[in-house]
Amino acid sequence: MAAIIELEGKFLLVEETTERGNRFNQPAGHLEENETIIAAAIRETLEETAYDFTPQALVGIYHWQHPVNGITYLRFAFSGQLGAHHPQRTLDDGILRTVWKSEAEIAAAGELMRSPQVLLCVQDYLAGKRYSLDILQHLGQAL
């Protein structure tokens, strides 16, 4: 799950430590057990940025395989409303800070992005791609 959050032409990113050194990424992470995709986007954004986030649309679903470690990533990217900031919160382990960057700044620093998904999500957002959250159906443990 990833949050695409724009404010005055800039996008909220996190700088995080990785096996390749410090890299930039959208607030993003993985599902926890029994968690919905939308709840994961809300939780990950709060944990990594100390901002509340309300998803309003799905920007896209992205499938990418890391060329070095071979891990395949499936990203659900959401746009939405930035909420309150909680500066007293400690950010997740590995998150160094939050930053705001324009599309041009993200593109110019491509080698410092966590993956090509970072720029592609921003470009899709700027192109107006938005899909209703109704497309996501959470069935829980139903058989």
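Let's start with a term: a residue is called buried when its relative accessible area is under 20%, exposed when that area is over 50%, and partly exposed in between, using a 1.4 Å probe and the protein chains only. By that rule alanine 50, at 3% relative accessibility, is buried. This is a predicted model, so to speak of local features we ask for pLDDT of at least 70 and count side-chain atom pairs only at pLDDT 80 or more, while totals for chains, interfaces and linings use all residues. Numbering runs from 1 along each chain as its sequence is written, and side-chain values use heavy atoms, with hydrogens and water left out.

Now the overall layout. The protein has three helices and seven strands, where helices (H or I, at least four residues) and strands (E, at least two) are DSSP runs numbered from the N terminus. Walk along the sequence and you read β-β-β-β-α-β-β-β-α-α. The C-alpha trace spans about 45 × 35 × 35 Å along its principal axes. For 143 residues a compact globule would have a radius of gyration near 15 Å, and the protein agrees, with 15 Å; that radius is taken over C-alpha atoms, and the globule rule is 2.2 Å times the number of residues to the power 0.38.

What about inside and outside? Of the 143 residues, 41% count as buried. The accessible surface comes to about 7900 Å², and carbon and sulfur atoms own 52% of it (Shrake-Rupley method, 1.4 Å probe; for residues, only the protein chains shown count as cover). Contacts here mean heavy atoms within 4.5 Å. Among those in the protein with a separation of 6 or more, 69% join residues 24 or more positions apart.

Leaving aside neighbours within four places in sequence, phenylalanine 24 touches residues including Leu13, Val14, Val99, Leu112 and Val118. Just after helix 3, glycine 128 takes a positive phi of about 85 degrees.

Leucine 133 and proline 55 are 78 residues apart in sequence, yet their C-alpha atoms are 8.3 Å apart in space. Again setting aside neighbours within four places, leucine 133 contacts Ile38, Pro55, Gln56, Ala57, Leu58 and Phe78.

Finally, the loops. Alanine 50, our opening residue, lies between helix 1 (37-49) and strand 5 (51-65), and has a positive phi of about 70 degrees although it is not a glycine. Glutamate 8 is another non-glycine with a positive phi, of about 55 degrees. It belongs to the loop between strand 2 (6-7) and strand 3 (10-18) and is exposed, with a relative accessible area of 77%. Proline 87 is in the loop between strand 6 (72-85) and strand 7 (95-101); at a relative accessible area of 62%, proline 87 is exposed. The C-alpha atoms of proline 87 and phenylalanine 76, eleven residues apart along the chain, are separated by 26 Å.
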